[in-house]
Amino acid sequence: MTVKEYNNAVELHSDHVFRFILKSIRDQEKAKDIVQDAFEKLWHKVEEVDALKCKAYLFTTAYRRMIDIIRREKKQGNWNEVSEKSYSHSGHYSDLSEILQSALAQLTEVQRSVIMLRDYEGYDYNEISEITNLSLSQVKVYIFRARKYLKDYLVSIETVV
């Protein structure tokens with residue numbers, strides 16, 4: 001990959017990678033850091049990575065970095081930073097996007113990631129398999145279970161009322 005191809009990759013893929021990470025972790029600063037790390041790793045391996053495969057490389061690198069950060073933060077949870085409102089239920093929702101975000105938050109990390117890649121970013125199953133390092137059958141199962149959960153969650157009367 002040449003420097004020109006690298007710059008072209010930044011132009012073409014930075015927004016998509018950022019959007020994917022941001023929707024997964026919902027923290028803009030962390031998402032920026034993860035995307036920057038992905039592009040830095042691509043820069044260090046610019047001679048090894050084929051220009052045609054840089055998109056998959058970027059998504060894979062960003063996804064793995066995001067998972068590492070999520071796992072590290074789970075181990076370092078701090079109850080002093082959690083407000084009472086964050087673990088209590090208000091009972092009423094006025095916005096459908098808020099309901100959808102709440103439903104997505106209920107999914108596991110892997111389910112949320114594959115759903116975001118498939119339904120938000122439009123990747124096919126093979127690409128998702130490459131990005132997440134899961135087998136094709138695992139990707140299909142995770143997407144099926146996530147969609148089933150989302151359907152059950154969104155259809156329930158308690159969620160809408």
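Glu121 and Arg19 form a salt bridge in this predicted model, with their closest N and O atoms 3.4 Å apart. The term covers a side-chain nitrogen of Lys or Arg within 4 Å of a carboxyl oxygen of Asp or Glu. The pair links distant parts of the chain, 102 residues apart. Glu121 sits in the loop between helix H5 (109-120) and helix H6 (125-132), and Arg19 in helix H1 (residues 3-25). Helices are DSSP runs (H or I, at least four residues), numbered from the N terminus. Glu121 is buried, at 16% relative accessibility. Arg19 is partly exposed, at 35%. Here buried means under 20% relative accessible area, exposed over 50%, and partly exposed in between (1.4 Å probe, protein chains only).

The model is predicted, so local features need pLDDT of at least 70 and side-chain atom pairs count only at pLDDT 80 or more, while totals for chains, interfaces and linings use all residues. Residues are numbered from 1 along each chain as its sequence is written, and side-chain values use heavy atoms, with hydrogens and water left out.

The count of salt bridges is seven. One of them joins Lys30 and Glu73 at 2.4 Å, N to O. Lys30 belongs to helix H2 (residues 28-44) and Glu73 to helix H3 (residues 54-75), 43 residues apart. Both are partly exposed: Lys30 at 28%, Glu73 at 32%. Asp37 and Arg65 also meet in a salt bridge, at 3.0 Å. Asp37 lies in helix H2 and Arg65 in helix H3, so this pair ties together parts 28 residues apart in sequence. Shared partners join the salt bridges of Asp27, Lys30 and Glu73 into one network.

Five aromatic pairs are found in the whole structure. Rings of Phe, Tyr and Trp (its six-membered ring) pair if their centres lie within 6.5 Å; planes under 30 degrees apart count as stacked, over 60 as edge-to-face and the rest as tilted. Tyr6 and Trp43 have ring centres 4.9 Å apart and planes at 65 degrees, so the pair is edge-to-face. Tyr6 is in helix H1 and Trp43 in helix H2, 37 residues apart. Tyr6 is buried at 11%; Trp43 is partly exposed at 41%. Phe59 and Tyr123 also pair edge-to-face, with centres 4.9 Å apart and planes at 70 degrees. Phe59 is buried at 0%, as is Tyr123 at 5%. Tyr6, Phe39 and Trp43 form one aromatic cluster.

Notes: Helix = DSSP H or I, 4+ residues; strand = E, 2+ residues; numbered from the N terminus.
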